[in-house]
Amino acid sequence: MGFSMLGPVFRQMFKKPWTNKFPAKYQPNNTTDFLKAVAEGKAKINPPIATPKGFRGKIKYDTEKCIGCKLCIRVCPCGAIEFKEKEKKVKFYLARCCFCSQCNDVCPTKCISMSDEFLLAEADPYAKELIVE
Amino acid sequence: MSSETTQTTYQLPIGPIHPALKEPVMFKFEIDGERIVDVDVELGHVHRAIEWTGMRRNPIQIIYLAERICGICSFVHPMAFCRAVENAVDIEVPERADYIRVVHGELERICSHLLWAGVAAHEIGFDTVLYLTWEMREKALDLTEYLTGNRVTKAILTIGGVRRDITSEHIPKISETINYFNKNFIKLKRAFLEDKTVKMRSQGVGILTYDDALKLCAVGPTTRASGVKKDVRADQPYAAYSDLGIDYTTPDLLTGEVNGDVYDRIVTRLLEVKQSLEIIQKAIDQMPAGDLVSEPKIPKLLNYIKKTPGEGVGRDEAPRGEVIHYVKFDGENEHPYTWKVRASTYANILPWIPMLKGEQIADIPIVAASTDPCMSCTNRVGVVNNKTNQKMMLDKETLHKLSIEKTRRLMR
């Protein structure tokens, strides 16, 4: 009986915060300037928590191995894969991808795989970083 | 002038958009002062055409669509769908896959119940418990990410089995998480069941009697908290549940009595977290070796489904209650002829009416939340005085404030 949370709350005061400060330990005055400084090597990014093995991130595509069988297009739930008639290859639009990795499973030549990259925020859905071909 | 006094009530509409409601639902309350005299529920504000979309896709694509019906039940919906397809076209699931399905299903139940516990604490203005439960939930999500590759959308199921194995490499992390939960369960139990604040706001509030729960077909923890022994895992065991010995979790196991109030719903869910931990441990220990999926070649599977006519039902015990998927194939097309989904919250909407009658406005958030409808959206309540047609708005903050104020009032 009583106030059971009082103990945990006091104990909490002496604990370190759980949050991983990403991308910087303290909020930069200007994020764009901060990212520029990172690109120039003047500042350092506080890394995100590592993803576990088997994480489903940005798609990696080996064009050489692809035989153009279109099976990935048949199973893709979001219609994120387009067939390029001329080259007989495929094109992935990551803005539409739901990262289910079903295309990896169905691919007979294993030319598709998932990387651990997950920082894919972009203002333009058709940006170069969001199209894999 | 007439000497008789005419008593009138106010109408208080809540919804269609409200954070305590899973889907946009419209409540119309008849209010006499602070007391709720009558409730009416209106449905049908959100129609996402998910079934229509599904009827134009092949079953493999629908798994990922079903996963997105609900953000929290992202395992049970595809599970019910896969079981409906397996039932329709007679696909046998390997035994090992059945055990892995149980592990993921129970892991999801732990995540969902802990999330609910936090939200319920938030609704009564007890935010420290929200942080405690969500800190614990983080461990369950980490394990989910480790086992499936993502925190929420698990993408673990496929028709006729599962897509990822649980290997000996995974076992240490699973045991570590189970130990963590067993150790911290005491904390959770103390925070919820022994605390004065929680007891004040939940005991004797939002009562759903045994008869009402039966009559209104409530499902899941909502009905079990009223003493109705109803659980798909025990009534019609699916996957590997028949091997694992599931018992109904009613609140009298812990408290010795069934009241059917909000407190009992908290007790039921906490007991279920404990039960889920035991089931996961048992499933890991008893897991047989074998195949993961009955037909690994997806094009072959799709062609088989295309040629086979049939209809099937998949029933599943979601964290909130029973989920039903119905699928029919005509034997000519790859996509299903019909796909029907009945989510568990739908069955838990009518019980709101007896629960809310006679309660106060400040109890609406916790009573509505006690059936575990999904918490999202923004909160806005409009109060209209019918007599003068004067309108005033009660937004999310005000309603939440009212709830907190009631907690403070009771503590004085």
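This is a short talk on one helix of chain B, the contact between chains A and B, and one loop residue.

The model is predicted, so local features need pLDDT of at least 70 and side-chain atom pairs pLDDT 80 or more, while totals for chains, interfaces and linings use all residues. Residues are numbered from 1 along each chain as its sequence is written, and chains are lettered from A in the order in which they are written.

I start with helix α5 of chain B, residues 127–148. Helices here are DSSP runs of H or I, at least four residues, numbered from the N terminus. From first C-alpha to last, α5(B) reaches 31 Å, close to the 32 Å expected, that is, 1.5 Å times one less than its number of residues. Its buried residues (20 or more other C-beta atoms within 10 Å, placed from the backbone) include Val129(B), Leu132(B), Met136(B) and Leu147(B). Among the elements covering them are α1 of chain A and α4 of chain B. After the helix comes Gly149(B), with a positive phi near 105°.

Next, the contact between the chains: 21 residues from chain A and 21 from chain B, where contact requires C-beta atoms, placed from the backbone, within 7 Å. On the chain A side, α4(A) gives the most, with three residues.

Last, Leu216(B) sits in the loop between α8 and α9 of chain B.

Conventions: Helices (H or I, at least four residues) and strands (E, at least two) are DSSP runs, numbered from the N terminus. A residue is buried if 20 or more other C-beta atoms lie within 10 Å of its own, exposed if 12 or fewer, and partly exposed in between; C-beta atoms are placed from the backbone. Two residues are in contact if their C-beta atoms, placed from the backbone, lie within 7 Å.
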